[in-house]
Amino acid sequence: MGQDRIPKDREACEMLKLSMLKKWRQLERPDSFDASDEYHSQELSMAIYQREENAAICAHYYDQSCPAAEKIILETVKNATLYDPKVPARSSPQNVLPRLLHQDSTQSNQAEKDGPPNISVRSFYVIEDAKRKLEKACPRTVSCADVIAIAARDVVTLSGGPYWSVLKGRKDGTISRATETRNLPAPTFNVSQLIQSFAARGLSVKDIVTLSGGHTLGFSHCSSFEARLQNFSKVHDIDPSMNYAFAQTLKKKCPRSSNRGKNAGTVLDSTSSVFDNVYFKQILSGKGVFGSDQVLLSDSRTKWIVETYAQDQKAFFREFAASMVKLGNFGVKETGQVRLNTRFVN
Ligand code: HEM
């Protein structure tokens, strides 16, 4: 194969980039730009940006090598949702976070999806199912990292949230260790710790608040928040930032008895299968489940953003889509492999 030969899975990207660049050169720059003009279309700027960065990811990565990829993933997520109503919350955003943060993750006896902060990821079978179907339709083509990023978007959209175009072409890591998930932010983090943790992934203060809105979906086990309910500090039995009645409700759900079920816990907001801004409204009334949710209201760097989203769901949706694109594109690997099985390195 000649040095310049572009692999089939990248052809669509390369062709798009070239035609965009050609178009770009032909266009006269107008005197004033506004965000809606053609010059600033997401596609065009991404195409050029990615070219300069020498990265391969683009929205059209599988157009030639696996045109049905997104449809197969969407159908799988949709079907799973029909049979298991918990799938929307459980098959995704929380799932995406560790994976997009740990592009380089694992083969070991304990794969990374079993690492501690991922215990909620009980619907990973949906990702595995989609991957199996993709291996039949277009073998060795679509990476697990791309399947996860697309499925996360589909879960959000199917739950009533925003849609965004996922850039594709990530490769899967060739090592995988359960310990890597330990670098994830903890539910006990304060704002400074969250800032540090997200900054390491190229994410801003606004991204922290916006992406924490992912807790509009889903469930948490008692172990992730019960330290707030009893013996919280020397002076407070219950975390004083938590609404008192809410704390009593959570205490009932998480009794300190040995016969507590291993699935004991609570939903993360009162409309936990709908993607909406109720999570932010709950924070305003002291009903954030994790310390890391509630602290967003006590720090001036994040408070105004919580207040904005609680009032303006459209703003939350718009920014959530933008932050997910940012999260999904950080530290993308061009080298690596397309895993045949999502759990294991080939
Ligand atoms: C700000 C830092 C974050 C912390 C400290 C955090 C922490 C947690 C914890 C402790 C759980 C519950 C685990 C359990 O006990 O079962 C959880 C669940 C969840 N998180 Fe986060 N998370 C963070 C950011 C995110 C982001 C960025 C998203 C998505 C964009 C997200 C989406 C979810 C979802 C959907 C669930 C529920 C999963 C389920 O129902 O199985 N989280 N998170």
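The legends below describe close-up views of a predicted model. Residues are numbered from 1 along each chain as its sequence is written. In this predicted model local features need pLDDT of at least 70 and side-chain atom pairs count only at pLDDT 80 or more, whereas totals for chains, interfaces and linings use all residues.

**View 1. The annotated binding site.** An unreviewed UniProt entry places the feature "binding site" at Thr216, Asp269 and Asp276; such positions are in the numbering used here, with feature names shortened, and annotations may be inferred rather than shown by experiment. Although these residues spread over 61 residues of sequence, they cluster in space, with a largest C-alpha distance of 9.7 Å.

**View 2. Surroundings of Asp269.** Asp269 is in the loop between strand 2 (265–267) and helix 11 (278–284), where helices (H or I, at least four residues) and strands (E, at least two) are DSSP runs numbered from the N terminus. Asp269 counts as buried because it has 24 C-beta neighbours inside 10 Å; a residue is buried with 20 or more other C-beta atoms within 10 Å of its own, exposed with 12 or fewer, and partly exposed in between, C-beta atoms being placed from the backbone. Not counting residues up to four places away in sequence, Asp269 touches His215, Thr216, Val278, Tyr279 and Gln282, contact meaning that C-beta atoms, placed from the backbone, lie within 7 Å.

**View 3. Surroundings of Asp276.** Asp276 also lies in the loop between strand 2 and helix 11, but is partly exposed, with 19 other C-beta atoms within 10 Å. Beyond residues up to four places away in sequence, Asp276 touches Gly160, Thr216, Thr271 and Gln313.

Key:
Contact = placed C-beta atoms within 7 Å.
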